[in-house]
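Subject: Structure for you to look through

Hello,

Here is the structure I said I would pass on. Please open it first, then read the notes below beside it.

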Amino acid sequence: MTLEGLEKTFGRGTRVVKGIDLHIEDGELVTLVGPSGCGKSTLLNLIAGLERPTGGHVRIDGRIVDALSPKERGVAMVFQSYALYPHLTVRKNIAFPLEIEGLTRAEIERRVAETAERLGIAALLDRKPKELSGGQRQRVALGRAIVRRPTLCLFDEPLSNLDAALRAQMRVEIKKLHESLKATFVYVTHDQAEAMTLSDRVVVLHEGVVAQEAPPREIYARPANLFVAKFLGAPRLNVAEPSVFGLASRARGRDVLVGLRPEDVTIGEGSPPETAPNGRVYVTEPMGGETWVTVDVGGEHVIARAPADYEASSGTPVWLSFDPSRALLFDRTTEQRLET
Ligand SMILES: Nc1ncnc2c1ncn2[C@@H]1O[C@H](COP(=O)(O)OP(=O)(O)OP(=O)(O)O)[C@@H](O)[C@H]1O
Ligand SMILES: [Mg+2]
């Protein structure tokens, strides 16, 4: 699938999608990620055919599909709200798109059984949606989308109604589903963890334009700019004046800001080297396997990592240890990352 200079302006001037060029290979799993309102759903709706572009084109299998309805495009969509038919059983809900297509009863039964098996809901086929948990309902919605064996599946925040544990579990299942279906998945989320864990490629959107597209590890290690660097990663990237980290204020002839991932900063032990930044513990957060420590360094909050059993009351003086080669440097004016 290819997007060519895709634009969407609503009404008399709300320009939401601002010229997006993007190529997605067959069988790829691409996540579209970005803050609320950046145009993710609009972009997905343009791909699905639920919205018409005001500029540019959508190509599927080489063909411009701008004039085709969602059905004619042969794409499947899964939304945050499950939108199941409440009066129909799970079996009937999943079978519905096949009945519209007019497949034989035997073929429908075979496909529903295969799909239910794949999603682990075979035992629930005779229940109504109201007799299911949220996770089970979302599985049925997934089933209804994939039962037609689509080659392109579009997801708009399908897991955001689920609790954290279930979300993590369904995330894994969607990844496995993608592996076994070998279909192309375009997956919208504002959850950076979902984007990082699921994707072959992450596309970060910022105010209707692509801020960066790259595989998860690369986009995390080599973010193009401060926006992308801050969006991916939890806890969030530490960003501060170079002086906070005891670093020079200029690099490559530019005034810079310094970014350090929390996992690259630790609470120092023993006596500090002369240049080490120091401050006072602001708050500690035990995470189980380790402890996150927010340190106040001259008024700036810097998050650092400490062992699981680390304890310190707020106000305790500490120093920060990090490898300066891990620092990300950003041009202060353009906010682009400088190659180091
Ligand atoms: N039909 C419409 N008419 C006018 N403006 C719209 C319309 N649909 C969306 N918008 C605006 O377009 C912008 C992008 O909306 P969109 O739903 O694509 O964002 P999103 O990235 O999916 O956000 P979220 O994470 O909150 O779902 C928003 O400012 C929204 O108010
Ligand atoms: Mg949305």
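**Around the ligand**

Sorted by class, the residues in the shell around ligand 1 are four nonpolar, five polar and two charged. This is a predicted model, so please read every value here as computed.

Which residues make up that shell around ligand 1? They are Phe 10, Val 16, Pro 35, Ser 36, Gly 37, Cys 38, Gly 39, Lys 40, Ser 41, Thr 42 and Glu 157. The element that gives the most to the shell is helix H1, residues 40–48, with three residues.

For Ser 36, an N or O atom of the side chain is 2.5 Å from an oxygen atom of ligand 1. Cys 38 uses its backbone instead: an N or O atom there lies 3.2 Å from an oxygen atom of ligand 1. Gly 39 also has a polar backbone atom at 3.0 Å from an oxygen atom of ligand 1. On its own, ligand 1 has 640 Å² of accessible area, and the protein covers 57% of that.

**Pockets**

Rolling a probe the size of a water molecule over the atoms shows where empty space is left.

The largest pocket has a volume of about 570 Å³. It is lined by 21 residues, and the closest to its centre are Val 75, Met 77, Pro 97, Arg 144 and Arg 148. Two or more lining residues come from each of helix H2 (70–73), strand S6 (75–78), helix H3 (90–101) and helix H5 (134–146). By class, the lining of the largest pocket has 16 nonpolar residues, one polar and four charged.

The second largest pocket has a volume of about 210 Å³. The class count for the second largest pocket is four nonpolar, two polar and six charged residues.

**Two backbone details**

Most residues other than glycine have a negative phi, and most peptide bonds are trans. Two places in this model are worth checking against that.

The peptide bond that joins Ala 234 and Pro 235 is cis, with omega at about -5°. Pro 235 sits in the loop between helix H9 (226–231) and strand S11 (238–240).

Arg 149, a residue other than glycine, has a positive phi, near 55°. You will find Arg 149 in the loop between H5 and strand S7 (152–156).

Regards

Definitions and conventions:
Residues are numbered from 1 along each chain as its sequence is written. Chains are lettered from A and ligands numbered from 1 in the order in which they are written. This is a predicted model: local features need pLDDT of at least 70, side-chain atom pairs count only at pLDDT 80 or more; totals for chains, interfaces and linings use all residues. Side-chain values use heavy atoms; hydrogens and water are left out. On a 1 Å grid over the protein atoms alone, a cavity is a set of points where a 1.4 Å probe fits but cannot get out, and a pocket is an open set with protein on both sides within 12 Å along at least five of seven lines; lining residues have an atom within 4 Å of a point. Grid points are joined across faces, edges and corners, and a volume is the space filled by probe spheres set on the points. Helices (H or I, at least four residues) and strands (E, at least two) are DSSP runs, numbered from the N terminus. Ala, Val, Leu, Ile, Met, Phe, Trp, Tyr, Cys and Pro count as nonpolar, Asp, Glu, Lys and Arg as charged, and the others, Gly among them, as polar. A residue is near a molecule or strand if one of its heavy atoms lies within 4 Å of it. A polar contact is a pair of N or O atoms within 3.5 Å; within protein, one must be able to donate a hydrogen and the other to accept it, and residues adjacent in sequence count only if both atoms are side-chain atoms. Accessible areas come from the Shrake-Rupley method with a 1.4 Å probe; for residues, only the protein chains shown count as cover.
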